[in-house]
Amino acid sequence: MESSRSVSRRGVLIGAIQAAVIGVLGLRLRSMQLEQADQYRLLADGNSIKIRLLPPARGLILDRNGTVIAGNEQNYRVTLTREEAGDVSAVIARLRHIIPMTDAQAAAVIAEIMRRPAVTPVSVADRLTWDEFAAIALNAPALPGITPESVLSRIYPQRGDFAHVLGYVGPVSDYDLSRIESPDPVLRLPEFQLGKVGVEARLEENLRGKAGARRVEVNSAGREMRELSRQEGQQGAAVQMTLDAGLQNFCTQRLGEESAAAVVIDVTNGDIVAISSSPVFDPNMFVRGISGPNYRALLNHDHRPLADKTVQGVYPPGSTYKMITLLAGLEAGIINAGSRFYCPGYLQVAGRRFHCWSRGGHGSVDAIQSLEQSCDVYYYELAQRVGIERMSEMARRFGLGMRHDLPMSAVAEGIAPDREWKRNRHGQEWQVGDSINASIGQGFVLTSPLQLAVMTARLATGLKVEPRLIRAVNGIPEPSPEFEDMGINPLNLRTVRMGMDAVMNASRGTARGSRVVIPEWRVAGKTGTSQVRNITAAERARGVVRNDQLPWNRRDHGLFVGYAPYDHPRYAVSVVVEHGGGASAATPIARDILLFALNGGLPPLDAYPPGQRGGVEELFDSMNLAPNAVVAQSGRARA
Amino acid sequence: MSYLDYKVAQVPTGIRKILHINWPLVFLLTAVASFGFLMLYSVAGGRIEVWAQPQMIRFGIGMVLMLALAFVPIWFWRTIAIPFYLICILLLVAVDLFGDVGMGAQRWLDLGFFRLQPSELMKISLVLMLAAYYDWLPLDRVSRPLWVLVPVVLALIPTGLVLQQPDLGTAIMLVAGCGIVMLAAGVSLWYFGAVIGGVAGLVYAVFASRGTDWQLLRDYQFRRIDTFLNPGSDPLGAGYNITQAQIALGSGGWSGRGFMQGTQSRLNFLPEKHTDFIFTTLAEEFGFVGAFSLLMLYALILGFCLFSALTNRDRFASLLTIGIAGTFFLFFAVNIGMVLGLLPVVGAPLPMVSYGGTQMMILLMAFGMVQSAHVHRPH
């Protein structure tokens with residue numbers, strides 16, 4: 001067919017044209033990729049435009065009044081770039097005329113510089129004083145390769161006061177990077193700081209901010225030639241805590257060198273106004289890089305300063321648990337406020353003798369008296385009738401044996417034991433003796449100071465108070481909580497509260513010594529002493545050894561929970577003093593903390609019984625309070 | 001040949017058609033698209049869901065469509081050539097009136113469920129129309145001036161509409177596509193000579209018009225030409241793309257920097273790395289070996305189409321195949337020429353490789369027609 005032949009001829013022509021064009025493309029490809037590849041590779045490697053990240057300033061952490069409790073400070077440091085320095089040793093030697101540096105430090109710095117690529121700036125010295133910094137800048141011509149620069153670094157102005165709750169920041173480790181999915185490139189900047197524990201770690205996303213970037217032109221060696229554009233980063237969000245710096249400082253000081261914890265909650269809104277674990281450590285040491293011996297000293301300290309005892313520590317609550325047992329009995333209708341049990345000093349159950357702390361016994365005791373005098377036998381009797389299930393159910397309603405959702409590290413769940421728990425955990429059946437032990441907060445029961453404070457807040461209000469630590473993020477306040485009613489018979493709650501009041505204020509109250517004499521600030525509470533060892537029958541026969549004769553780590557824990565004012569509860573507190581020897585170690589501390597919270601400063605002496613005022617004044621004088629926490633002691637400032 | 005001729009001639013029917021599909025072409029298209037999947041995966045930083053996966057799904061659908069169209073008898077395409085052409089013209093008018101503006105040009109028609117780019121459809125429609133025209137036109141009239149004017153008008157109407165958007169790249173491709181079909185149909189070479197001469201004159205006029213009242217191109221089009229002629233003149237501005245693209249391309253060397261190792265692509269030096277500049281990523285990461293392989297795959301596709309056209313005794317089928325292959329050729333030649341710095345940056349994707357739905361769908365449908373021509377060739 002002739003039409004096809006014409007198509008064929010032209011088809012071949014078109015094919016030839018296309019082949020020619022493809023040939024040209026191929027040749028061009030060959031010339032660029034094979035003949036000029038080295039030249040282009042050089043351009044790509046030393047690509048003249050690089051993006052350099054600008055680390056963002058970390059968000060501030062503020063206390064409830066706006067005081068900065070985690071801020072940023074200018075850190076003046078000098079870096080050295082080997083490529084520009086030439087003779088590194090000579091430059092370092094000259095630098096040592098300006099800033100003090102030991103031979104070992106200098107050797108370490110030189111080794112570090114030699115290990116890194118020649119173009120990478122290495123930090124030679126940091127945290128310089130302004131004078132040193134200025135001197136280095138002035139002598140720049142004699143110090144080739146040395147760049148003085150100022151970067152932001154975390155600082156905790158209150159040092160140890162917030163060490164446990166806020167945690168601290170530190171350099172990003174490979175481990176940190178491995179845990180983060182698609183890490184922000186800013187984390188790879190040298191010496192960038194990341195929240196390691198506590199609020200700093202849990203609110204890392206809010207606090208970190210967004211990196212800025214600079215587009216810089218660099219030469220093929222990677223040295224910056226000029227800045228082309230700059231986009232500033234965005235500082236991390238400011239986080240305002242519910243904590244009160246003054247009160248927190250007072251708590252820390254008041255706990256002193258004891259191994260102890262204190263938690264204060266505003267019962268009206270769940271705000272944790274103070275949460276203190278002692279002994280404290282200085283988180284700034286971690287920011288700056290803690291030395292080996294210092295770190296080992298913290299680790300090996302028998303009072304465990306690094307542990308946050310407020311949320312991580314769990315203790316048998318001892319008698320502070322009796323409100324739970326009592327309420328369980330009252331709510332189940334097994335007893336009423338007037339129900340009495342007889343206490344001969346012990347109770348014989350299933351062939352075992354369970355002792356009351358009072359060897360002589362309390363005689364006939366009703367519900368309120370059982371709390372006032374902390375009669376154990378009353379609760380042994382109650383436990384057998386109420387049973388562990390109802391007790392632990394009540395404990396969970398009050399926030400024990402469950403994890404409160406706070407942005408802190410390793411918040412403990414504690415234990416509110418029941419039959420199923422024991423079967424799962426120990427593979428054994430629940431015994432009546434277990435219930436008896438649990439009824440006075442011993443045995444399997446474990447609670448954290450935080451949980452005890454929440455429990456007390458719920459007892460004081462009858463509302464399901466939820467603790468919170470964050471008041472506002474980036475200026476946006478967290479919504480005010482609306483707590484639901486616990487659904488507990490108000491009469492029964494009243495009985496428990498009257499019992500707690502009697503503990504402090506009645507003639508035979510176990511904490512009468514720590515009562516507050518100003519009626520508006522009347523405190524109600526409960527003491528607790530929890531054993532950390534079993535007292536054998538033989539020991540008991542010989543007479544129980546007094547606590548102060550025991551080695552420290554075998555003494556009883558001292559606990560106290562309380563709230564004030566009794567009429568219109570505002571603050572709930574829990575104090576645990578590890579191995580304090582008994583409740584008397586915790587009770588005065590808790591009272592002083594409550595009074596400080598109510599007064600908004602050091603409490604007036606006339607809140608104390610007359611005989612104690614001298615001792616209290618002496619104590620307050622000996623305390624080393626932060627300046628802003630000291631409030632005029634004379635007169636009574638009304639909250 | 002008419003419908004009846006087909007009945008007389010021996011043409012496969014029914015399911016037996018599957019044996020006559022041009023399977024090497026299917027394989028080659030899949031291979032080219034696979035280059036695309038690989039590079040889209042790489043430029044997304046090793047994430048498949050960003051670009052590679054949607055592209056794979058579209059390719060799958062397009063392939064099914066192509067094979068379905070292969071079963072449609074070839075005479076059907078000739079029958080619909082005129083209405084199809086008219087619809088495309090209407091769509092182009094609609095785009096000018098109601099189209100969405102994207103990247104400074106009005107190219108898209110939002111149909112609700114689908115965003116259509118009628119100018120892409122027009123490229124195929126014009127080829128179809130011209131193939132039908134030359135099939136109908138007696139051979140002795142092919143080079144007569146009046147009969148040459150008809151296809152020129154058919155091409156210039158959509159070209160004019162496309163220039164309104166404005167889309168210079170597509171306009172040039174429409175004209176060039178028209179030229180390929182006319183060349184294949186046997187139009188006297190004198191005409192082509194005259195047109196090339198005319199274009200040279202026009203180029204001169206365009207440059208002469210710059211800055212005057214009768215300026216023939218938009219400012220940004222002039223700037224692109226400047227950039228093309230001297231990319232180093234503004235390395236951080238308009239020339240940035242092409243400079244960085246060439247650094248990426250050149251640094252690939254013989255075997256490339258390795259899959260997902262391209263520093264230019266990784267560090268975001270490359271612009272539009274998943275669309276128009278995807279060839280540079282390929283060249284950077286797989287080097288000359290990879291880039292040249294893709295070029296050869298394209299050449300093989302052309303080769304198979306040309307062979308199919310030359311062995312087809314049906315003039316319409318031959319012209320259609322050559323026209324579609326020619327359009328495909330223009331696509332990749334313009335794109336690769338652009339990233340190699342041989343042509344100005346005109347915003348043309350790399351066919352079957354660049355990320356984008358409309359073009360891939362339309363191309364696969366066009367290859368469906370090529371397959372239809374191949375399956376139904378008379379023996």
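Modeller: At 0% relative accessibility, F332(B) counts as buried; buried means under 20% relative accessible area, exposed means over 50%, and partly exposed is in between, with a 1.4 Å probe and protein chains only. This is a predicted model, in which local features need pLDDT of at least 70 and side-chain atom pairs count only at pLDDT 80 or more, while totals for chains, interfaces and linings use all residues; side-chain values use heavy atoms, without hydrogens and water. Residues are numbered from 1 along each chain as its sequence is written, and chains are lettered from A and ligands numbered from 1 in the order in which they are written.

F332(B) sits in helix 13 of chain B; helices (H or I, at least four residues) and strands (E, at least two) are DSSP runs, numbered from the N terminus. Setting aside neighbours within four places in sequence, F332(B) contacts L295(B), Y298(B), L302(B), G337(B), L350(B) and P351(B), and also I22(A) of the other chain. Contact here means heavy atoms within 4.5 Å. V353(B) is 21 residues from F332(B) along the chain, and their C-alpha atoms are 9.7 Å apart.

Chain B gives 53 residues to the contact and chain A gives 36. Together the two chains bury about 3,600 Å², 71% of it on carbon and sulfur atoms; buried area is the accessible area (1.4 Å probe) that two parts lose on being put together, summed over both. No salt bridges are found across this interface, the count being zero, where a salt bridge is a side-chain nitrogen of Lys or Arg within 4 Å of a carboxyl oxygen of Asp or Glu. Six residue pairs, with both residues at pLDDT 80 or more, are in polar contact across it. A polar contact is a pair of N or O atoms within 3.5 Å; within protein, one must be able to donate a hydrogen and the other to accept it, and residues adjacent in sequence count only if both atoms are side-chain atoms.

On the chain B side, at least two residues each come from helix 7 (168-185), helix 10 (240-251), helix 11 (263-266), helix 12 (278-310) and helix 13 (315-339). Helix 12 of chain B supplies the largest share, twelve residues. By type, the side of chain B that touches chain A has 34 nonpolar, 16 polar and three charged residues. Ala, Val, Leu, Ile, Met, Phe, Trp, Tyr, Cys and Pro count as nonpolar, Asp, Glu, Lys and Arg as charged, and the others, Gly among them, as polar.

S372(B) lies in helix 14 (residues 357-375) of chain B, and with a relative accessible area of 0% S372(B) is buried. Leaving out residues up to four places away in sequence, S372(B) touches L69(B), A70(B), V72(B), P73(B), I74(B) and W77(B).

Chain B as a whole has 14 helices and three strands, and 54% of its 379 residues count as buried. Of the contacts in chain B between residues at least 6 apart in sequence, 73% join residues at least 24 apart. Chain B exposes about 15,700 Å², with 71% of that supplied by carbon and sulfur atoms; accessible areas come from the Shrake-Rupley method with a 1.4 Å probe, and for residues only the protein chains shown count as cover.

Chain A has 24 helices and 21 strands. Of its 639 residues, 52% count as buried. Its accessible surface is about 28,000 Å², of which 50% belongs to carbon and sulfur atoms.

Over all chains, the structure holds 31 salt bridges. One of them joins R471(A) and D271(A) at 3.8 Å, N to O. R471(A) is in strand 17 (residues 470-473) of chain A and D271(A) is in the loop between strand 11 (260-266) and strand 12 (272-278), so this pair ties together parts 200 residues apart in sequence. R471(A), at 27% relative accessibility, counts as partly exposed, whereas D271(A), at 0%, counts as buried.

Another salt bridge joins R154(A) and E200(A) at 2.8 Å, N to O. R154(A) is in strand 5 (residues 146-155) of chain A and E200(A) is in helix 9 (residues 198-202), 46 residues apart. Both R154(A) and E200(A) are buried.
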